[in-house]
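Thank you for letting me take a few minutes of the meeting. Please bring up the sequence and the model, and keep both in view while I talk.

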Amino acid sequence: MPQRLSREEFRQWAEDRPERYERVDGAPVAMSPERIQHIRVKARVWAALDRAITQASLDCEALSDGATVEVDEDTDYEPDALVNCGPPASPDAIAAANPVIIAEVLSPGTQSIDTGEKLAGYFRLPSVQHYLIVSTRRREVIHHRREGEAIASRVITIDRIELDPPGITIDIDGLYPPAR
């Protein structure tokens, strides 16, 4: 596997590979296979964001995993869901130009990265206002929110999550499949 790649080199290298990769400090990092519960919750997070944007008639778009967030010159992440605001992205775009909300659904193998390295990385982008870390094991979302120069964090287990900007609300119960 290549040791260090520019963004363009990485995209060419990864294009025909069956596995998915992120680029961290210039190096390709394989993304772990996902468990079914992760996929279920990830789909519901995207659907909740999409529904809220539609109801609020915002100039934003919810994107599911696969959209890239370019954190800096050497790091590109693929969150599980995001909200990109402003003009619609070109159909051929790979990266979200103006991510405002980013959501990661926790996996056992990536939990420490999602709660540490990615938290710091995403908030280096001035457009990012909210970072949601969604648990698959219990109804719990850690909501990190930009407040001026600081990042405020709170754990949400009931009710709704207010995401302003861009001016939407999502119901935490809608993020989780019904118990079976």
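This is a predicted model: local features need pLDDT of at least 70, side-chain atom pairs count only at pLDDT 80 or more; totals for chains, interfaces and linings use all residues.

Let me begin with Glu-78, which sits in the loop between strand S5 (75-77) and strand S6 (81-85); strands here are DSSP runs of E with at least two residues, helices are runs of H or I with at least four residues, and both are numbered from the N terminus. Residues are numbered from 1 along each chain as its sequence is written, and side-chain values use heavy atoms, with hydrogens and water left out.

Is Glu-78 buried or exposed? Glu-78 counts as buried because its relative accessibility is 15%, where buried means under 20% relative accessible area, exposed means over 50%, and partly exposed is in between, with a 1.4 Å probe and protein chains only. If we set aside the neighbours within four places in sequence, Glu-78 is in contact with several residues, among them Arg-20, Tyr-21, Met-31 and Glu-104, contact meaning heavy atoms within 4.5 Å.

With Arg-20, Glu-78 forms a salt bridge whose closest N and O atoms are 3.1 Å apart; by a salt bridge I mean a side-chain nitrogen of Lys or Arg within 4 Å of a carboxyl oxygen of Asp or Glu. This pair links distant parts of the chain, with Arg-20 in the loop between H1 and S1 and Glu-78 in the loop between S5 and S6, 58 residues apart. Arg-20 itself is partly exposed, at a relative accessible area of 29%.

How many salt bridges does a search of the whole structure find? The search gives 16, and I will pick out a few of them.

In one of these, the side chains of Arg-4 and Asp-74 meet at 3.0 Å, N to O. Arg-4 is exposed, with a relative accessible area of 51%, whereas Asp-74 counts as partly exposed at 28%.

Arg-7 brings us to helix H1 (residues 7-14), where Arg-7, Phe-10, Trp-13 and Ala-14 are buried. These four are on the same side of H1, because they cover an arc of only 130° around the axis, the arc being that of the directions from the helix axis to the C-beta atoms. The buried residues of H1 pack against strand S1 (21-24), strand S2 (27-30), strand S4 (69-72) and S5.

Strand S1 is covered on both faces, with Tyr-21 and Arg-23 buried on one side and Glu-22 and Val-24 buried on the other. S1 and S2 run antiparallel and are joined by 4 bridges; two strands pair if DSSP finds at least two bridges between them. Tyr-21 has Ala-30 in S2 as its bridge partner, and in the hairpin of these strands, which has 2 residues between them, Asp-25 takes a positive phi near 50°.

Another hairpin is formed by S9 and S10, also with 2 residues between the strands, and there Gly-148 takes a positive phi near 65°. S9 pairs with strand S10 (residues 150-156) in the antiparallel sense over 7 bridges.

Finally, which cysteines does a disulfide join? They are Cys-60 and Cys-85, with 2.1 Å from S to S, and a disulfide is counted when a pair of cysteine sulfur atoms is within 2.5 Å. Cys-60 is in strand S3 (residues 60-64) and Cys-85 in strand S6, 25 residues apart. Both ends are buried, Cys-60 at 16% relative accessibility and Cys-85 at 10%.
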